[in-house]
Amino acid sequence: MRWLVFVVLAAGSAIAHADVAAELAAIPKAMPSCDKARAHCFGIQLHVAPDEQGNLIVTSDWLAQQVAEAERHFTPLDVGFEVVGADLLPDAARHLETRKDRDALAAGGLPGRVIHVYITGKLDDVDTAGAIAYGVTWRRDDRKYIIVSAAAWPRTLAHELGHFFGLPHSTYAISIMNKSDRKDPPREQRTFADAEIVAMRPAVVRLVRDKVIAERPRAKD
């Protein structure tokens, strides 16, 4: 009987892993391709942590909302994004507590000329004890990568992509790079300030020139 239970559990585990693998493979196909009208299109490689049951820590709809918000905010920069792949992180990535935890995400390197985005369940603020972060742009050697918590706001990926393209936190009331608590303008009206769009333009050119990221091919008519 003990062996029978083991075989049943193993079979169930194999099915669960197959379901997660299929879900990961479906994510890039479910996401929209780059708008052909955009001057630039960059690939995003997603790395998603599992929950305690082995399922993805976030849903495909959650991921789609983050990418859609990034697309919206980067429209004035004429930049679009396309999810080119998704893979599963180890269990240890479910909760990132320390700087070493963040470093470990990219321990195997950051392959390809894409933007690597890691999705974790909980992201501790390493500068303030007991606090959490919704997202962070981290660095390994000369490469940046993005970490986003499952508790993030819909605009968090867009905010972190602002950091990826060189923006600091700002004091512009309109800006999603401004972290201050304020009522005006309302959240739904906030985006990048005009000056921040101007500031990101040379960063886009430099990152392509230095072969950090590459332009994605557009779909043919």
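Which residue forms a salt bridge with R99? The partner is D127, and the closest N and O atoms of the pair are 2.8 Å apart. The model is predicted, so local features need pLDDT of at least 70 and side-chain atom pairs count only at pLDDT 80 or more, whereas totals for chains, interfaces and linings use all residues. Residues are numbered from 1 along each chain as its sequence is written, and side-chain values use heavy atoms, with hydrogens and water left out.

**Salt bridges**

- Side chains of opposite charge can pair when their charged atoms come close.
- The structure holds six salt bridges, a salt bridge being a side-chain nitrogen of Lys or Arg within 4 Å of a carboxyl oxygen of Asp or Glu.
- In the pair formed by R99 and D127, distant parts of the chain are linked: R99 belongs to helix α3 (residues 99-105) and D127 to the loop between β5 (122-123) and β6 (135-140), 28 residues apart.
- Helices (H or I, at least four residues) and strands (E, at least two) are DSSP runs, numbered from the N terminus.
- R99 is partly exposed, with a relative accessible area of 42%, while D127 is exposed at 63%; buried means under 20% relative accessible area, exposed over 50%, and partly exposed in between (1.4 Å probe, protein chains only).
- Another salt bridge joins the side chains of R38 and E71, at 3.4 Å from N to O.
- R38 lies in the loop between α1 (2-30) and β1 (40-48) and E71 in helix α2, so this pair ties together parts that are 33 residues apart in sequence.
- R38 and E71 are both buried.
- R209 and D210 also form a salt bridge, with 3.1 Å between the closest N and O atoms; D210 is partly exposed at 41% relative accessibility, and R209 is exposed at 57%.

**Surface patch**

- I132, Y134 and W153 make a nonpolar surface patch of about 280 Å².
- Patches are made of residues with over 30% relative accessible area and no salt bridge, like charges being joined within 9 Å and nonpolar side chains (Val, Leu, Ile, Met, Phe, Trp, Tyr) within 5 Å.
- Accessible areas come from the Shrake-Rupley method with a 1.4 Å probe, and for residues only the protein chains shown count as cover.
- I132 is placed in the loop between β5 and β6 and is partly exposed, at 45% relative accessibility.

**Largest pocket**

- On a 1 Å grid over the protein atoms alone, a pocket is an open set of points with protein on both sides within 12 Å along at least five of seven lines, and a cavity is a set where a 1.4 Å probe fits but cannot get out; lining residues have an atom within 4 Å of a point.
- The largest pocket contains about 670 Å³ of space.
- Its lining has 26 residues, of which Y134, W153, H159, H169 and K179 are the closest to the centre.
- Helix α4 (156-164) and strand β6 each supply at least two lining residues, and α4 gives the largest share, four residues.

**Largest cavity**

- One cavity of 30 Å³ or more is counted, and the largest cavity has a volume of about 40 Å³.
- Residues lining the largest cavity include L46, W62, V117 and L157.
- Helix α2 (60-73) and strand β4 (115-120) each supply at least two of the lining residues, and α2 gives the most, with four.

Conventions. Grid points are joined across faces, edges and corners, and a volume is the space filled by probe spheres set on the points.
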